[in-house]
Amino acid sequence: MAGIGEILVRENIINASQLQKAQEMQRRQGGRLSANLVKAGVIQEKELTTFLSRQYNVPSINLDDYEIPPEIIKLIPKEVCEKHVVVPVNRAGPSIIIAVCDPSNIFALDDIKFLTGLNVEVVVASETSIKKAIELHYQESVLDYDDVFDGFDEGEIGFDNYEEDDADVSDLARQSEEAPVVRLVNMILVDAIKRGSSDIHLEPYEKVFRVRYRIDGVLHEIMKPPIKLKAAIVSRIKIMSELDIAERRLPQDGRIKLKLGRGREMDFRVSVLPTMFGEKVVMRLLDKSNLQLDMTKLGFEAAPLKDFKWSISQPYGMVLVTGPTGSGKTTTLYSALSELNKVTENISTAEDPIEYNLYGINQVQMNDAIGLNFAAALRSFLRQDPDIIMVGEIRDFETAEIAVKAALTGHLVLSTLHTNDAPSTVHRLLNMGVEPFLVTASVNAILAQRLARRVCSDCKEPDPGVNVQQLIDLGMKPEDAKNCTVMRGTGCRTCNDTGMKGRVALYEIMPMTDELKDLVLQGVSSVELKREAINLGMKTLRQTALSKLAEGITTVKEVVRCSAAD
């Protein structure tokens, strides 16, 4: 039987070169051919679903509008659904109706027929909606915290005689491999992925050991495991990260790589820090499959995107991205590098740490212990015939000086700084000791950014608690405030009853125009520099946030949290 690719070519829906492109992507990244056809932009997912429905003469279904009965879900295990990318939707007498993204997958139909003893009828749905339905309807089957300790008495697993300071390394290793500890750690990692967390915090206190997830930039307490399991849990994570479980006095950094099936891998960047009551562990989740490198989808509006693309398209100069930790600076820089990544360009990056591996880019991990810092890496880059250089962060005068010199000698330099907005970045460089004439000569543009939480699209509704005067006080024009409908999330299953789901980036870009360069040379304050930049058309973080508010994307609370008043 011909596969989906061959059928699409035969029916002139796609051509042979487009199929080859998707097949090459499939070889590199794994996954199903249909998913790679959509990912490569060869065909729209909705168009593919409609075509398959017509081709195989089976109905199509929109799973987003369909509530699957719980008794139907129990007929097929989650593992089978994930393996074949199918989901049961209903039962009609001796037949079970399943949604598939590939009706030609006879192995899936045979497996389900054998497993259930029922006849199998097929409807077609998009792969994205099937995966979403699996996550939604099978999430109760995720290992429950209480299940982890089911059948274990706390005294049996509590290590009553254990004193952390006197713990034997072999005891720690043994305890960390015991069933409830292993299951609990696995549950914490998997549950964090399912909830869309960016960080996991395991925090020891005098009488409590708690686990918190950072979801959409906000920490939520998830559980409080028995405090007697504290050392065993931390040791288990250390073993998974290939760290020294005997060392409990010094900070340690490691990495966990978790395979999730179907070629998907998740990296956890692990940081262990000794505190008064034990070791605190923070794990940063790095999911390359969710890395958004398309600048048009990051949240840029048309004018700022045009200015940013202009600044990174220059043959030399410096582009600085500023904002607090967790504001998406790295993603923006990776997006810029992805756009610049061509065979003709030699790109080198100095990062601490390297968060994602990018093909075609020479990435160097910093290591202060052996003297490999940003300044040392930069010096080395300049002997490597570079075209484009990315420095993870400009922290001191030495790094700033070398970066400026590189920008003035025919290289494009991308880097980050920790400042509140774009105009204050200039004065941060001046305070580091960089001369004003070097700043004006080297900097192409400065981009400040924040991440604001989105209102959950499944439970959003107009917010009756916001009036026109509040919007005016925030900085919105009176005529815009009168026509603005502010949205809020009421809380639902999709957003874990928070009313917020996902984040959108807010951008403030300040191209270094001749007028701004003159002001810098005159030594004006950040306030005056900002005033002139606004007069020249710069849209501030607050103005961008208000635009997202007017579009119903975010809330008043998020506008206040993510942007200072102009």
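Student: What is the mean pLDDT of the chain?

Tutor: pLDDT is the predictor's confidence in each residue, from 0 to 100. In this predicted model the chain averages 85, and 90% of its residues reach 70 or more.

Student: Which elements have the lowest and the highest mean pLDDT?

Tutor: Helix H10 (residues 154-157) has the lowest, 41, and strand E10 (residues 317-322) the highest, 96. Over residues 151-166 pLDDT stays under 50. Where pLDDT is low, the predicted coordinates should not be read in detail. The model has 27 contacts beyond four places in sequence for residues 151-166.

Student: Is Gln 252 buried or exposed?

Tutor: Buried means under 20% relative accessible area. Gln 252 has 12% relative accessibility, so Gln 252 counts as buried. Gln 252 sits in strand E7 (residues 252-259).

Student: Which residues does Gln 252 touch, not counting those up to four places away in sequence?

Tutor: They are Lys 238, Leu 243, Asp 244, Glu 247, Val 270, Ser 271 and Val 272. With Glu 247, a polar atom of the Gln 252 side chain lies 3.0 Å from the backbone oxygen.

Student: Which residues form the nonpolar patch with Phe 277 on the surface?

Tutor: Tyr 205, Val 208 and Met 276 form the patch with Phe 277, and together the four have about 390 Å² of accessible area.

Methods:
Residues numbered from 1 in each chain as written. Predicted model: local features only at pLDDT ≥ 70, side-chain atom pairs only at ≥ 80, totals over all residues. Heavy atoms only, no water. Patch = residues over 30% accessible without salt bridge, like charges linked within 9 Å, V, L, I, M, F, W, Y side chains within 5 Å. Areas by Shrake-Rupley, 256 points an atom, 1.4 Å probe, with all protein chains shown as cover. Salt bridge = Lys/Arg side-chain N within 4 Å of Asp/Glu carboxyl O. Helix = DSSP H or I, 4+ residues; strand = E, 2+ residues; numbered from the N terminus. Contact = heavy atoms within 4.5 Å. Buried < 20%, exposed > 50% of the residue type's maximum accessible area, 1.4 Å probe, protein only. Polar contact = N/O pair within 3.5 Å; in protein donor to acceptor, adjacent residues only side chain to side chain.
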